[in-house]
Amino acid sequence: MNMIDVSFVAEQNRKASTALDEDYAALGAKLSRHGVDIDAITSKAAEFQVAVPSWGTGTGGTRFARFPGVGEPRNIFEKLEDCAVINQMVQCTGAVSPHFPWDKVDDFSELRQTADALGLAFDAVNSNTFQDQTGQKHSYKYGSLTHVDRATRDQAVDHNLECIEWGKTLGSKALTVWIGDGSNFAGQSHFQRQLERYLESTKRIYAALPSDWNMFLEHKMFEPAFYSTVIQDWGSSVLCAMELGDKAKSLVDLGHHAPNVNIEMIVSRLIQFKKLAGFHFNDSKYGDDDLDSGSLHPYQQFLIFNELVDAEYRQQEGFNPAYMLDQSHNVTDPIESLMNSAAEVQRSYVKALLIDRERLYGYQESNDALMAANTLKAAFNLDVEPILAKARMQKGGAIDPIATYRASGYRQMVGEKRPSSGQSGSGIV
Ligand SMILES: [Mn+2]
């Protein structure tokens with residue numbers, strides 16, 4: 001089922017198709033001079049997928065306040081509708097990553113059927129033990145999986161176990177665990193004992209994973225804890241993943257590192273040791289900003305994809321990362337921002353495919369630093385928009401997703417259908 005009329009999208013595409021054909025032919029000619037078949041790259045682009053976070057459509061929030069937008073989805077079913085619009089336009093976001101208990105429903109089979117009907121699948125399920133829910137017995141104020149009190153840890157473990165159960169019904173294959181546990185004062189927590197408690201709790205969760213599932217450990221340097229965080233960096237994350245077993249891997253959220261950290265090298269290390277779970281793509285200026293992917297550091301994102309495509313090219317054993325977006329803010333229409341971000345991530349992938357890898361290896365072996373760097377830049381500087389547009393169009397998406405979406409009137413339509421819930425609680429985390 002399509003949320004936006006298919007013939008409307010086709011009509012919009014018709015208006016833009018002559019220009020696209022010309023641009024595609026010009027880029028194709030340029031690439032063929034370097035022995036690259038543009039259609040082969042377009043096919044790879046068309047296969048590319050990045051999952052959308054259900055909370056990304058939820059909108060309106062910063063950590064401090066909500067500024068509700070028009071027609072905000074009020075529940076997971078309406079979030080799925082918006083995700084279906086995104087995927088219809090960009091054709092590379094066929095899965096949604098749900099967050100519990102935010103997206104909890106009475107009937108998970110019904111939720112899966114709804115997603116099926118919209119052409120969507122479910123990606124990793126996310127547990128939430130970083131905030132208290134109404135009626136919750138034990139508070140997470142001083143921690144969850146690492147809390148000093150066993151009953152609180154048990155409650156946090158149980159929540160992760162129920163997330164796995166719900167995820168099974170939804171067809172998910174992974175559980176993402178991020179905890180806000182940490183400390184705000186030197187001396188507040190015993191580092192080693194706290195991490196021992198984390199391992200004891202996560203081992204119980206790991207033991208409940210179905211055989212074809214993975215457990216993604218998401219690290220974050222700071223916030224909400226500002227002195228120490230239990231899983232603060234990829235080192236803590238990968239040590240715990242190694243302790244837990246093969247199904248446990250490290251998830252890289254681009255906003256969860258210290259400024260200027262070489263994230264692409266971390267990615268390479270995780271790939272080398274078969275511990276790369278995947279990504280939460282976003283961009284940041286200062287910290288965990290959750291800004292749109294590629295909006296500030298497109299070259300960094302490209303360099304990360306250089307490592308990913310390199311692993312693909314070398315057919316690295318055990319390489320199968322999950323790609324997800326993780327963003328939410330309050331100055332754009334979230335459908336537009338998520339479409340933009342998905343396209344930007346796909347753009348980095350396509351540019352990385354165009355790196356002349358054998359030439360790069362040659363420059364590396366001959367210590368030609370300048371030409372090695374220029375080989376990367378040559379791919380980065382190409383305008384691959386015709387490839388992205390062609391890949392979208394061939395799958396029934398929009399040549400120009402933002403313009404087509406705006407012209408469709410979808411936002412105005414849901415604005416009438418979904419009156420504001422008037423909630424003023426804090427928005428995102
Ligand atoms: Mn994240």
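Two strands are taken as paired if DSSP finds at least two bridges between them. On that basis, this predicted model holds an open sheet of 6 strands in the order β4-β5-β7-β9-β10-β11, with parallel pairing. The edge strands are β4 (125–126) and β11, each of which pairs on one side only.

**Strand pairs in the sheet**

Some of the pairings can be set out by bridge count and by a pair of residues that face each other.

| Strand pair | Sense | Bridges | Opposite residues |
|---|---|---|---|
| β7 and β9 | parallel | 4 bridges | F216 and K249 |
| β9 and β10 | parallel | 4 bridges | D253 and H280 |

Strands of a sheet pair through backbone hydrogen bonds, in either the parallel or the antiparallel sense.

Burial here rests on a count: a residue is buried if 20 or more other C-beta atoms lie within 10 Å of its own. Strand β9 (residues 248–253) pairs with β10, and D253 stands opposite H280 of β10. Together with helix α9 (residues 263–272), β9 and β10 form a right-handed β-α-β unit. From β10 the chain goes through helix α10 (residues 298–313) to β11, and this β-α-β crossover is right-handed as well.

Helix α8 (residues 234–244) has W234, S237, V238, C240 and A241 buried. These residues cover an arc of only 160° around the axis, which means that they lie on the same side of α8. An α-helix has 3.6 residues a turn, so residues three or four places apart point the same way. What do the buried residues of α8 pack against? Their partners are α7 (191–207), β7 (214–218), β9 and α9. The helix α8 lies across β7 and β9 and runs at about 160° to β9. Helix α11 (residues 334–353) also packs on the sheet, where α11 touches β10 and β11, and its direction makes about 145° with that of β11. After α8 comes G245, which has a positive phi, near 140°.

**The α2 and α14 pair**

Two packed helices are described by the angle between their axes and the distance between the axes. Helix α2 (residues 38–47) packs with helix α14 (residues 385–394) at an angle of about 60°, and their axes are 9 Å apart. The crossing of α2 and α14 is right-handed. On the α2 side the contact is made by I38, I41, T42, A45 and A46, and on the α14 side by I387, L388, K390, A391 and Q394.

Is K390 buried or exposed? K390 is placed in helix α14 and counts as buried, because there are 24 C-beta neighbours inside 10 Å. Leaving aside residues up to four places away in sequence, K390 touches L20, Y24 and T42. Between K390 and A45 there are 345 residues in sequence, while the C-alpha to C-alpha separation is 9.3 Å.

Conventions
Residues are numbered from 1 along each chain as its sequence is written. This is a predicted model: local features need pLDDT of at least 70, side-chain atom pairs count only at pLDDT 80 or more; totals for chains, interfaces and linings use all residues. Helices (H or I, at least four residues) and strands (E, at least two) are DSSP runs, numbered from the N terminus. A crossover is right-handed if, with the strands pointing away from the viewer, the path from the first strand over the helix to the second runs clockwise. A residue is buried if 20 or more other C-beta atoms lie within 10 Å of its own, exposed if 12 or fewer, and partly exposed in between; C-beta atoms are placed from the backbone. The arc is that of the directions from the helix axis to the C-beta atoms. Two residues are in contact if their C-beta atoms, placed from the backbone, lie within 7 Å. Axes are lines fitted to C-alpha atoms, for helices over the stretch in contact, and angles run from 0 to 180 degrees between N-to-C directions. A crossing is left-handed if the near helix is turned anticlockwise from the far one by less than a right angle, and right-handed if clockwise.
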